[in-house]
Amino acid sequence: MSKEPKSYKRLSGGGFLTSNRLYTGADHLLSITATSFSEDYMRFYYKDIQAIIARKTIKGKVFNLGFGIFLIIFLMPALWVHGGWAGFFYIMAGLLFLLLMINWLRGPTCECHIMTPIQTVKLPALRRIRKAEKAIARLRSLIEGAQGVLPEESLS
């Protein structure tokens, strides 16, 4: 039995309630958005991609601020209360500290859009700057392979 080579390579994605994934194919980028009961597919051919836009957002900082505020809210009573309630407040504060550290270590957030001649579409699979930069670097070579390299003289 001969094995066929994989036609798609995973570029990015994952999720908890909704799963957003990006795959690179031979001549196109495939974006999949899956919920509990449905999947939506969007295909972007490399020859049609005009731009990939990544814009930094403050969403991660807002989540960190929220986690920090609730961490303080649960930590203050834990220091004054004794008995079983102190354990509850320490556990909640520890959980919030863990969430704060995970969000902080994942890095700054961003929004990515892909522009074609027909539309501009948000890519929900790319939500962190580090992942977006890696994905754009991988896509750049595929897009240049399909469209050719733009000479620097034409940019001015």
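# A walk around the model

Start by selecting threonine 116, which sits in the loop between E6 and E7. Keep in mind as you go that this is a predicted model. Is threonine 116 buried or exposed? Threonine 116 counts as buried because its relative accessible area is 11%, and buried means under 20%.

Now show what surrounds that residue. Leaving aside residues up to four places away in sequence, threonine 116 touches Phe44, Asp48, Ile49 and Gln50.

**Next stop: Asp48**

Pick Asp48 out of those neighbours. Which residue does aspartate 48 pair with in a salt bridge? The partner is lysine 47, and the closest N and O atoms of the two are 3.8 Å apart. Color the pair by accessibility and you'll find that aspartate 48 is partly exposed, at 30% relative accessibility. Lysine 47 counts as exposed, at 56%.

A quick bit of background: side chains that carry opposite charges can pair when their charged atoms come close. How many salt bridges are there to find here? The count comes to four.

Select arginine 55 and glutamate 111 together. Their side chains meet in a salt bridge, with 2.5 Å from N to O. This pair links distant parts of the chain: arginine 55 belongs to strand E5 (residues 51-56), glutamate 111 belongs to strand E6 (residues 110-115), and the two are 56 residues apart. Arginine 55 is partly exposed, with a relative accessible area of 44%. Glutamate 111 is partly exposed too, at 22%.

Since glutamate 111 lies in strand E6 and lysine 122 in strand E7 (residues 120-122), the pair ties together parts that are eleven residues apart in sequence. Lysine 122 is partly exposed, with a relative accessible area of 44%.

**Switch to the surface: positive charge**

You're looking at a patch of positive charge. Which helix gives the largest share of this positive patch? Helix H3 (residues 129-147) does, with three residues. One to click on is lysine 134, which lies in helix H3. Lysine 134 has 60% relative accessibility, so this residue counts as exposed.

**Last stop: a nonpolar patch**

Finally, select Ile72, Leu75, Met76, Leu79, Trp80 and Tyr90. On the surface, these residues form a nonpolar patch, and together they have about 640 Å² of accessible area. Highlight helix H1 (residues 59-80) as well, as the largest share of the nonpolar patch, five residues, comes from there. Click on leucine 75 to finish: its place is in helix H1. Is leucine 75 buried or exposed, or something in between? Leucine 75 is partly exposed, with a relative accessible area of 33%.

Methods. Residues are numbered from 1 along each chain as its sequence is written. This is a predicted model: local features need pLDDT of at least 70, side-chain atom pairs count only at pLDDT 80 or more; totals for chains, interfaces and linings use all residues. Side-chain values use heavy atoms; hydrogens and water are left out. Patches are made of residues with over 30% relative accessible area and no salt bridge: like charges are joined within 9 Å, nonpolar side chains (Val, Leu, Ile, Met, Phe, Trp, Tyr) within 5 Å. Accessible areas come from the Shrake-Rupley method with a 1.4 Å probe; for residues, only the protein chains shown count as cover. Lys and Arg count as positive and Asp and Glu as negative; His and the chain ends are not counted. The place of a charge is taken as NZ of Lys, CZ of Arg, CG of Asp or CD of Glu. Helices (H or I, at least four residues) and strands (E, at least two) are DSSP runs, numbered from the N terminus. Buried means under 20% relative accessible area, exposed over 50%, partly exposed in between (1.4 Å probe, protein chains only). Contact means heavy atoms within 4.5 Å.
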